[in-house]
Every structure is written in C-alpha cells, then in structure tokens.
There are 2 protein chains.
Amino acid sequence: MEIEVVRLGHRMVRDYRVSTHVCLVARALGARRIWIEGHVDQTVQKSVGAIQTEWGGEFEIQFVLGMRKKVLEMKRSGFCIVHLTMYGTPLPDAENDLRQKEKIAILIGSQKVPAEYYRLADYNISVSQQPQSEIGALAITLDHLQEGRELAAGQRQVNAKKSVEATARGKKLRRSGVL
Amino acid sequence: MEIEVVRLGHRMVRDYRVSTHVCLVARALGARRIWIEGHVDQTVQKSVGAIQTEWGGEFEIQFVLGMRKKVLEMKRSGFCIVHLTMYGTPLPDAENDLRQKEKIAILIGSQKVPAEYYRLADYNISVSQQPQSEIGALAITLDHLQEGRELAAGQRQVNAKKSVEATARGKKLRRSGVL
C-alpha cells in the first residue's frame, strides 16, 4: 500500500511545530510523502531534513498552493481520498475496506476544513468521535491501515546512519547498520 | 483500566499548542487525567476547558512542579509507569502484559527526558523505532492498551451538550443527547 498525507491550511510560523509533528508521524509510520498546503516553510523542511540525514528514509515534503486542485489530481490518478474528521465514519467500521486500497491519500486539517473536502473525499473517517488532535488521528489511522507493521522491532530506514536497538532501559544505537 | 498521562517538561508559551494536542488525545482516548510538569498554563486549561464544556467528560488537568516526586508517588500507589521513548521495547512486544495492569501512567517527554525516568519506569516502550511525535506515540499507545474500544461508534462523554452522529458526508450533531 502506498500512503501519502495531505496537510491542509498550514500557516507559516504559527503551525511550524504542529506540522513538524505531523511530518514525524507520517515518516515514522510509513507514509512516503506529505503535501503541505502553503508557501515553502523552511523551518519544517530543516527540522525533518535533519532527522532524515541521521535516521534515513525517502520521505518527501512538498509544499503546494491550491491544494484542492492537487487533491482532485490525486483522486484521478487512483488515490482513495480519506479525510479525517470527528464527524465521519468510525475508523473501525471502514478499515477493512481501506486496507484493500493500493493508494491512499490521508487528508488532515488544521483549523476549519472547507466543506468541499467532505464531498470530495471517498471516505470521511473519525478517530474517536471527540475533538481530536490531527496528529493523534493520523498516527492511529496509519497504524490501523498497516495493522501495526510499522511498530515492530528492527525498523530501520534506508540509508540510515543510525538505527535503534530496542532495550528495556536506556538507549542503544546502531551506527551505519553496525553496533 | 485506569489511565493517567504524565507530560514532562512543558514550557510556557512555547509548548502551548503541542501540550494542548497531548491533552486532546488523552481526553478523546480515555485517559482520566493529565499531569503536566510546570507552572499552571492557563492557555492550555482554557482551550481544553472550552472543549470539555461542550463535549463533556471528566478529564482533569493538573500542573505539577517537581514531577519526579509525583511519579514516584504514583508508582508507590500502584501505577505501572510506562515511559514512551523510541529506544524502548516495541509496543507490540509489551502490550499484552500492559493490558493486564489496573493502573497505568504513561510518561511522555517534550525535549530531552532526564535519564532517571528511563530507570524509574516499569516499561520503556517505543512506538516505531524512529524519531517520533509524542502526540502520535501517546495516541497509538492509548489505542492499543484499550484495543480500539475508544474509537467505536456512539462515543459520548458524560454531561456532554453535544455529541457526534457518525455520517459518511458532512456533520451531524446530537445536542444534549437529542437529535
């Protein structure tokens, strides 16, 4: 399954930390790319880029003006559009269907999401029917779609200088694949 | 199972939004209380309080100076201390054990977590072995510990003025339990 994330309504400065958390979740849990709505925000690029340099992976960040057009284009090219909203179908009721898809784009908002995205989405999905963090909702959705595979021991991204060796206490690192 | 969250190293102003996301995740996914290290931050209290007024629930926020002492006290009173860190035991390898516990305190850091918490914890747990958002890690841990129960349809908190009726498109609300 190919997963991309679409972050709507990123605001420069104000959203730097929250959007960086979104990127970390997307990268750590197997999305291959994030599309962020807005002008290029170098603070986000640098924070995530620094992690990528050390911990590897091929995760990509792209900034886009005019996200509606981009999402329609993704839909035409075969992506199943999954919009996360507390008002949608509970994730457990839809996840078996979603796991059959080859390409999924997960849309998350920041503030209010324009109504058109509710219509444009193939699925509107809720992760708890309560006001929720889009970071938390994304994490749980990625985990469920991949049935926890991204959480298993031995996760290491390609071209990593460092990776973790699991330990009950403290910190153990592998460098360039060697202990 | 009784779950509380411990947020280490909250910094006034700088951490307002991230800590608010942490609170939203904790509340939406069934934790009954969060302990936040630092002076009382009214911006967090107000944001979460406003949600609570509308959407109900008995979630509590407590600010604490000297968190180490608090955590030791929780440990003595029977809480299993679970510290989330990318270096720990992968969540899937520990979750069956954790589900047997009656009381769990989930510790999450902001910046660097002092080494003593790695020793003090009963479990150091990783949610992906990659640099990760503590918000995302908390969300997945709460979901796994409760085996997805908090995500099911029909979730409504006590004393809610509003609750959601799941819908494939748009937004449907119930007010005071009545459509």
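Guide: Over all chains, the structure, which is a predicted model, holds 26 salt bridges.

Visitor: Which residue does B:Asp15 meet in a salt bridge with chain A?
Guide: The partner is A:Arg17, with an N to O distance of 2.7 Å between the side chains. This pair crosses between chains: B:Asp15 lies in the loop between strand S1 (2-7) and helix H1 (16-28) of chain B, while A:Arg17 belongs to helix H1 (residues 16-28) of chain A.

Visitor: Is B:Asp15 buried or exposed? And A:Arg17, buried or exposed?
Guide: B:Asp15 is buried, because its relative accessible area is 0% and buried means under 20%. A:Arg17 also counts as buried, at 17% relative accessibility.

Visitor: What about B:Asp15 and B:Arg11, at what N to O distance do they meet?
Guide: Their side chains form a salt bridge at 2.9 Å. B:Arg11 counts as partly exposed, with a relative accessibility of 27%.

Visitor: Which residues are joined into one network by salt bridges that share partners?
Guide: The network consists of A:Glu2, A:Glu4, A:Arg32, A:Arg33 and A:Glu60.

Visitor: How many residues apart are A:Glu147 and A:Arg99?
Guide: The side chains of A:Glu147 and A:Arg99 meet in a salt bridge at 3.8 Å, N to O. The pair links distant parts of the chain, 48 residues apart. A:Glu147 sits in the loop between helix H6 (134-145) and strand S7 (162-164), and A:Arg99 in the loop between helix H4 (91-98) and strand S5 (103-108), both of chain A. A:Glu147 is exposed at 53% relative accessibility, whereas A:Arg99 is partly exposed at 21%.

Visitor: Why do the copies meet through the same surface?
Guide: Of the interface residues of chain B, 100% are also interface residues in chain A, so the surface is the same in both copies.

Visitor: Lastly, how many disulfides are there over all chains?
Guide: The count is zero disulfides over all chains.

Visitor: And the cysteines at position 80: is A:Cys80 buried or exposed, and is B:Cys80 buried or exposed?
Guide: A:Cys80 counts as buried at 7% relative accessibility. B:Cys80 is buried as well, with a relative accessible area of 7%.

Methods:
Residues are numbered from 1 along each chain as its sequence is written. Chains are lettered from A and ligands numbered from 1 in the order in which they are written. This is a predicted model: local features need pLDDT of at least 70, side-chain atom pairs count only at pLDDT 80 or more; totals for chains, interfaces and linings use all residues. Side-chain values use heavy atoms; hydrogens and water are left out. A disulfide is a pair of cysteine sulfur atoms within 2.5 Å. Buried means under 20% relative accessible area, exposed over 50%, partly exposed in between (1.4 Å probe, protein chains only). Contact means heavy atoms within 4.5 Å. A salt bridge is a side-chain nitrogen of Lys or Arg within 4 Å of a carboxyl oxygen of Asp or Glu. Helices (H or I, at least four residues) and strands (E, at least two) are DSSP runs, numbered from the N terminus.
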